[in-house]
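Hello,

Here is the structure I promised to pass on to you. Please have it open while you read, and my notes on what was found will follow below.

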Amino acid sequence: MTIGIVLAKPPGYTETFFRSKIKGLQEKGFKVNLYCQENEIGFDLCPVYTRPPLSKNPALQIFHTLFTYIGLVGSLNNVRRFISFEKKEGTTLSKILKKIYLNSHMLKAEVDWLHFGFATMALERECIAEAIGAKMAVSFRGFDIDVYPLKNPGCYQLFWKKVDKVHAISEYLLNKAMHLGLPKEKPAEIIHPAVNPVMLPKFSRSRIKNDKLKLITVARLHWIKGMDILIAAAEILREKNIEFEWLIAGAGDKKEEERYRFHVYEKKLEKHVVFLGALSHAQTIQNINDADIYVQTSLSEGFCNAVLEAQALGKICIAFSVGGLPENIENEKSGLLVDSLSAEKLAIKITEVLAFPASKLSNYSEYAVRRVKDNFSTDMQSTSFQRFYE
Amino acid sequence: MPLKIIIFEGSLQPPVFIRRLMEGLAEEGHHIYLLHFGGNISSSKENLKYLSLGSSQNNIQLIFQSLKIAFEYNIFATFSTLKKIVLGNRKNLQKRNLEVLLNELEPDLIHVQWPVLLEVLEEVINERKYPVVLSQRGYQINVKPFVNNSYFQKLSSIFPKLSGFHSVSKAISQEGDKIWNSPAKLDEVVYTGLDLQSFQFQENYSRNEKLKLITVGRPHWKKGLHDAIHACAILVKKDVEFEITIVGGKGNEEILFLTNMYHLEERVNILGKLPQKKVYELMTEADLLIVSSLEEGIPNVLVEAMALGIPVISTSCGGVEELIDHAREGWVVPTRDPAALAAQIEFFTALPEGSIEIVRRAAREKVEEQHSNDQMIRGMESLYKKVLQRSKV
């Protein structure tokens, strides 16, 4: 069976979810193709098909267009079906021609499933799978469901009709999609992200033993990650005279980065809150391992891989009880959830953890490590995906 | 004596507070030239001219404008301009146009409106042929230098070479001093000016049963709109009846998300950018204007609302406390404190109308006294005069 996965660009080394999914499927005997806008990183785990080029030079663009249309001669039936489906949806001819050009690499595909890696990737491409005689699947991620539809109400209407099967990384996202109009009878499966134990260091630290408390958060510098709450909580910890350093692994666009740097500057927290910038996956894991407590301040999360990895390392995790995080952390067993988005409550929870006796900490740690191993392994993930397509 | 002043703003359509300054100076008989990177337009007044240094967006306009400047102002300069056109570096070509224009116009001084434009003027500043004055306002002075070290270094190396500074508030003047300070620094606070005749004070104000709030600001984090939404969520918990209009907030994903998260869709009305007139209209329909900003010079919208007689609650950002004495001309709350903002709004709902009336009138008086067009023009003329006296020495 051949699975075509549609992404904006091939997964980089830090995007463990798609890499492990592709490898897992290949091990189970599936053929996997990627359909992307570009392949600048030279991804080679599987064949990558890219969109034809877009040129600012009109003459060159005409040439590309002719060349691309000629290349579709072998897939004429697919194109014909595509045009008739799009016409039924009331798409204008010029828009159809544009869509044919932009999606020509997919219209030529010979796959059993066309799986869109994000729901937003499937917008304006709702008719392709049916036209090429493939089934259409989609994965929900946080942004697709949490933010995008707020800005574009009703954007998924056609998509809900056309999609054959849905994958969500958490029950939260699936429920929210149903709330947004996904019909309840559509086949859907929740497959959580997984942690590959090979990627984790052998010796993990589980106790709080740094002289100076070391907190870590892995997050892009983006409002949805609750960075302002993080900085406000750091201010409270300082007021409580706690010696600490709070590391933030992740980068953001310039405007957002300036926002949080300014907040830190304003509160004179430069010595307490440290921006590490973008790190490789291995460096991130190393930093989590060296820390005492992992904290996630997000306002919402589809699921959150970093929290899962921190638990796999036996790190005590604290997060807000929002989005998919209650499925990720088993409250008061594998980690701790804070029930409202409040810097005060978060700071209190951190100080509570500091007062935990060693035995309590290791109970959390052992439980978390075992729980990830038993429920969130890459083996289980690839078996689930095999079942998903069969 | 009328002066020849170059106002360097960058865009063809300067913000309204810069337009008011230019027009005011022109009315006083000064010759004002606005340098910008937009297309060509004809000027509205005899002694107020718009001069394009060549478009930053449109290469064809840039080339034509460069040739036009060379032909019109200095035919012998054409060769060098042609060379720059062939080399195809936009910034160099614009700098070349600036050089030609300055040589011909020989202004008394150059007034730069935004620090980011200092880079274009670097050579002019180094030559010290013309005095250069910088306006200190907004993000480029009170935020960026403190979160971007190389930008800070750059400003602190250019600032000593400038002839004078105009600060829109005392607070921002102090921020500027953190970048560079010296006993010899010439820095004057000149508050923004309003044409108060066109800001009619609302005589008949009465508070609605369901409180109508308004806030105005582009979707940038420094406007603190997220704190305004957090405050709204607190108000709902306190059973305060209200609705809020956010003018200019459209497209802000964070605001949409928070509104949805707190189930505030029925109460929050997010609008896009609107014409100034429409904004004033909406303001006069509101019971209370909120400023939730984290940093500002002095928010113009606050000055305007006070002139119109709309009660205001603002964070203590930037120079706000130079404009509002808490509970006298409006109410001031700490920045980044949604609970305090919500509490102040709740307090307002319980105020007797007579008390609001006193505050509204005090606010108008404060604006008349501190933000008249006249004080802005006099203040600026006085700064220019001092700069010129010094440059003669």
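In which sense do strand β4 (residues 113-116) of chain A and strand β5 (residues 135-140) of chain A pair, and over how many bridges? They pair in the parallel sense, over four bridges. Two strands count as paired if DSSP finds at least two bridges between them. Helices (H or I, at least four residues) and strands (E, at least two) are DSSP runs, numbered from the N terminus. Within this pair, His115(A) stands opposite Ala137(A) in β5(A).

A word on how to read it all. Residues are numbered from 1 along each chain as its sequence is written, while chains are lettered from A and ligands numbered from 1 in the order in which they are written. This is a predicted model, in which local features need pLDDT of at least 70 and side-chain atom pairs count only at pLDDT 80 or more, whereas totals for chains, interfaces and linings use all residues.

**Confidence**

The model scores ipTM 0.92 and pTM 0.92. Chain A averages a pLDDT (the predictor's confidence in each residue, from 0 to 100) of 92, and 97% of its residues score at least 70. For chain B the average is 91, with 97% of the residues at 70 or above. Within chain A, helix α1 (residues 16-27) has the lowest confidence, a mean of 85, and strand β13 (residues 336-338) has the highest, at 98.

**The sheet in chain A**

**Strands in chain B**

In chain B, strand β1 (residues 4-10) runs parallel to strand β4 (residues 109-112), joined by four bridges. Here Ile5(B) stands opposite Leu109(B) in β4(B). β4(B) is also joined by three bridges to strand β5 (residues 132-136) of chain B, again running parallel, and Ile110(B) stands opposite Val132(B) in β5(B). Between β4(B) and β5(B) the chain passes through helix α5 (residues 122-127) of chain B, in a right-handed β-α-β crossover. Right-handed means that, with the strands pointing away from the viewer, the path from the first strand over the helix to the second runs clockwise.

Chain B also has an open sheet of six strands, in the order β10-β9-β8-β11-β12-β13 (chain B), with parallel pairing. The edge strands, each pairing on one side only, are β10 and β13 (331-333) of chain B. From one strand to the next, the twist averages 20 degrees. Strand β9 (residues 242-247) of chain B and strand β10 (residues 268-271) of chain B are paired over four bridges, with Thr245(B) opposite Asn269(B) in β10(B). Together with α11(B), these two strands make a right-handed β-α-β unit. Three bridges join β11(B) to β12(B), and Val291(B) has Ser314(B) as its bridge partner in β12(B).

**A covered helix**

Helix α13 (residues 300-308) of chain B is mostly covered, with eight of its nine residues buried; a residue is buried if 20 or more other C-beta atoms, placed from the backbone, lie within 10 Å of its own. α13(B) lies across β8, β11 and β12 of chain B and runs at about 160 degrees to β12(B). Such angles run from 0 to 180 degrees between N-to-C directions, with axes fitted to C-alpha atoms, for helices over the stretch in contact. Just after α13(B), Gly309(B) takes a positive phi of about 90 degrees.

**Where the chains touch**

The contact (C-beta atoms, placed from the backbone, within 7 Å) takes eleven residues from chain B and ten residues from chain A. On the chain B side, α7 (144-147) and α11 (253-261) each supply at least two residues, and α11(B) gives the most, with five residues. The residues on this side of chain B divide into six nonpolar, two polar and three charged. Ala, Val, Leu, Ile, Met, Phe, Trp, Tyr, Cys and Pro count as nonpolar, Asp, Glu, Lys and Arg as charged, and the others, Gly among them, as polar.

How values were computed: Two residues are in contact if their C-beta atoms, placed from the backbone, lie within 7 Å. A residue is buried if 20 or more other C-beta atoms lie within 10 Å of its own, exposed if 12 or fewer, and partly exposed in between; C-beta atoms are placed from the backbone.
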